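Me: Could we go through how some of the helices pack in this one?

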Amino acid sequence: MKILRTVKEIQEFALNAKKAGRTIGLVPTMGALHEGHLTLMRTARAKCDVVIASVFVNPTQFGPNEDYEKYPRRFAEDEKKMETVGIDAVFHPEPSEMYPERYCTYVTVEGDFTHKLCGATRPIHFRGVATVVTKLINLARADEAFFGQKDAQQVCVVRRFVEDLNINCHINMVPIVREPSGLARSSRNEYMSPEERARAAVLYESLKLGKAAYDKGERDAEILKKIVRGRLEAEPFVKQIDYVEILTFPYLDDIKTVEGECLMAIACYVGKTRLIDNVILGQGE
């Protein structure tokens, strides 16, 4: 596994792979790798000839009062984990390599859907995501890129700008990987105490209650949201609910009646840790 730390190094690696006629898969991460990330990498490994992972805590997607400084960074551990899944190369640049002096170009995805869900409380987040993912796809010359369903809104945003900007890269969404309790795997889970982490299983419990009502025939979006919110509100360790929403998928339009594929998504604080989770209703129907 090669460690690539500069723009020039990843460009040369990708160019050589292309000259050899090989397909390239990209797995963008911010490190602190867990089983969810490794599942993305295994999926890429099965689909592509060459797999490049990135480990980069992207400063442009964090707001001024968010957790950029304390976001976990442990590249030595991440490196060992990536070696177990057969990654060909990892791009691990310094922020100054991605955003050098006088940098001033950003990718902004307009549209109502970027101001909903996480975009409502994190106004610069998706500009940072769109910018760094565009740069990573270009640098890696990626044919395929792999993202987790836990960040479903992010997947929608990435698919939108890839289509709008005619970027020749297919965006794959990989199902959520969960802990035994049902808690979605996340690097931020380690912010929680053991008791908070156990209680955080309420996120998936609430979604399952909403999904069960949907499976029994309930299609009123407000009723389904009340079921989910009610379970969250009953948990003392949930200190704040950012949102409980049901929107069309993948366009994230507001709805009153659930028809076709829809995203049932939640965000809340367990203690001081903000967590997100979702299920897709109507999938495969």
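Helix pairs

Reply: In this predicted model, the axes of helix α6 (residues 125-140) and helix α7 (residues 152-164) come within 10 Å of each other and cross at roughly 55°. Helices here are DSSP runs of H or I with at least four residues, numbered from the N terminus, and axes are lines fitted to C-alpha atoms over the stretch in contact, with angles of 0 to 180 degrees between N-to-C directions.

Me: So how does α6 lie relative to α7?

Reply: That angle makes α6 oblique to α7, as under 35 degrees is roughly parallel, 65 to 115 roughly perpendicular, over 145 roughly antiparallel and the rest oblique.

Me: And which residues of α6 and α7 meet?

Reply: On the α6 side Phe126, Val129, Ala130, Val133, Thr134 and Ile137 meet Gln153, Gln154, Val157, Val158, Phe161 and Val162 of α7, where contact means heavy atoms within 4.5 Å.

Me: Switching topic, at what angle do α9 and α10 cross?

Reply: Helix α9 (residues 202-215) and helix α10 (residues 221-233) have axes that cross at roughly 155° and come within 8 Å, and α9 and α10 are therefore roughly antiparallel to each other.

Me: Which residues make that contact?

Reply: From α9 the contact takes Val202, Leu203, Glu205, Ser206, Leu209, Gly210, Ala213 and Tyr214, while α10 supplies Leu224, Ile227, Val228, Arg231 and Leu232.

Methods
Residues are numbered from 1 along each chain as its sequence is written. This is a predicted model: local features need pLDDT of at least 70, side-chain atom pairs count only at pLDDT 80 or more; totals for chains, interfaces and linings use all residues. Side-chain values use heavy atoms; hydrogens and water are left out. Helices (H or I, at least four residues) and strands (E, at least two) are DSSP runs, numbered from the N terminus.
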